[in-house]
Amino acid sequence: MLGLRLYMAQRLSAMVMIPLTLGHIAVMIYAVQDGLSAAEILGRTKGSVVWFVFYGLFVVAVAMHASIGLRVIVHETLGLKGRALEIFMWLAGLLLLAMGLRALFAVTLP
Amino acid sequence: MIRPHRSHPLWIAYLLHRLSGLGLALFLPAHFYMLALALDQPDKLDQFLRFADNPLVKIAEFGLVFLLAVHVFGGLRLLALEFLPWSPRQKTFAASAVGAAFLVAGTFLLQAV
């Protein structure tokens, strides 16, 4: 139930996220030392253009990738198809995009 | 009973990729929600981060990092499979398939005419 465009979008978003994910894992391993605090996280990210671009790209790519992935699972295991499947994918993607952008703004805007 | 194809390592690789992807997709809204607390309820975020110092939460976080890492590495495997050039052996198999099909069809044609 994936046309060529969704298939390619899934691969392209995956390729974009490979360096981002490895970077995110590295940051987690670095940041978790001595525990986490809001001040520590925000001190690193607030007002930083680099983190804004890094996580902004990450949020857009993951909203695409997760909604297409969920579409495949919902189709293959629950048998959802046609219009309902389209609506499901778009709702999942837009929800992730909206929540992700809100989180992005919360931690990076000065 | 586990059906035979389901004990194949590649089936397990597929299952691991699917389950880790599903788990990550379900975790993301919670992750985004917590981060967005920094916007208007910073004290609630700190309260949550103190709760996250709990060793049991650390173990759960280990699980999340594992899901993310295993999904990335499994994804690299898929991308390599789909986009990297074929090895000489794979090309030989593909060419052999066409050659064998031509032989079978040619035998049929020789018998048919």
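How closely do the axes of α4(A) and helix α1 (residues 9–40) of chain B come, and at what angle do they cross? They come within 7 Å and cross at roughly 35°. Axes here are lines fitted to C-alpha atoms, for helices over the stretch in contact, and angles run from 0 to 180 degrees between N-to-C directions. The helices themselves are DSSP runs numbered from the N terminus (H or I, at least four residues; strands are E, at least two).

Before going further, a word on what you're looking at: this is a predicted model, where local features need pLDDT of at least 70 and side-chain atom pairs count only at pLDDT 80 or more, while totals for chains, interfaces and linings use all residues. Residues are numbered from 1 along each chain as its sequence is written, and chains are lettered from A and ligands numbered from 1 in the order in which they are written.

Back to that pairing. α4(A) passes α1(B) in a left-handed crossing, left-handed being the case where the near helix is turned anticlockwise from the far one by less than a right angle, and right-handed the clockwise one. On the α4(A) side, the contact is made by L96(A), M99(A), G100(A), R102(A), A103(A), A106(A) and V107(A). Facing them from α1(B) are L28(B), P29(B), F32(B), Y33(B), L35(B), A36(B), A38(B) and L39(B). Contact means that the C-beta atoms of two residues, placed from the backbone, lie within 7 Å. By class, this contact has 13 nonpolar, 1 polar and 1 charged residues. For the classes, Ala, Val, Leu, Ile, Met, Phe, Trp, Tyr, Cys and Pro count as nonpolar, Asp, Glu, Lys and Arg as charged, and the others, Gly among them, as polar.

The cut-offs are 20 or more other C-beta atoms within 10 Å for buried, 12 or fewer for exposed, and partly exposed in between, with C-beta atoms placed from the backbone. Leaving out residues up to four places away in sequence, G100(A) touches V59(A), V62(A), A63(A) and F32(B). I87(A) and R71(A) are 16 residues apart in sequence, and their C-alpha atoms are 9.8 Å apart in space.

Now to the packing inside chain A. α3(A) and α4(A) pack at an angle of about 160°, with their axes 8 Å apart. They are therefore roughly antiparallel to each other; angles under 35 degrees count as roughly parallel, over 145 as roughly antiparallel, 65 to 115 as roughly perpendicular and the rest as oblique. The crossing of α3(A) past α4(A) is right-handed, and the residues of their contact divide into 20 nonpolar, 6 polar and 1 charged.

On to another pair: the axes of α1(A) and α3(A) come within 9 Å and cross at roughly 140°. That makes α1(A) oblique to α3(A), and the crossing is left-handed. Among the contributors are L6(A), M17(A) and L20(A) of α1(A), along with F54(A), F58(A) and I68(A) of α3(A). This contact has 13 nonpolar, 4 polar and no charged residues.

Zoom out to the whole chains. Chain A has 4 helices and 0 strands, and its C-alpha atoms fill a box of roughly 45 × 25 × 25 Å along the principal axes. Of its 110 residues, 25% are buried. Chain B also comes to 4 helices and 0 strands, in the order α-α-α-α along the sequence. Its radius of gyration, taken over C-alpha atoms, is 25 Å, well over the 13 Å that the globule rule gives for 113 residues, so chain B is more spread out than a compact globule. That rule is 2.2 Å times the number of residues to the power 0.38. The box for the C-alpha atoms of chain B is roughly 85 × 35 × 25 Å along the principal axes, and 8% of the 113 residues of chain B count as buried.

Finally, the whole contact between the chains takes 25 residues from chain A and 25 residues from chain B. On the chain A side, the elements giving two or more residues are α1 (4–31), α2 (38–45), α3 (49–78) and α4 (82–108). α1(A) gives the most, with 8 residues. By class, this side of chain A has 18 nonpolar, 5 polar and 2 charged residues.
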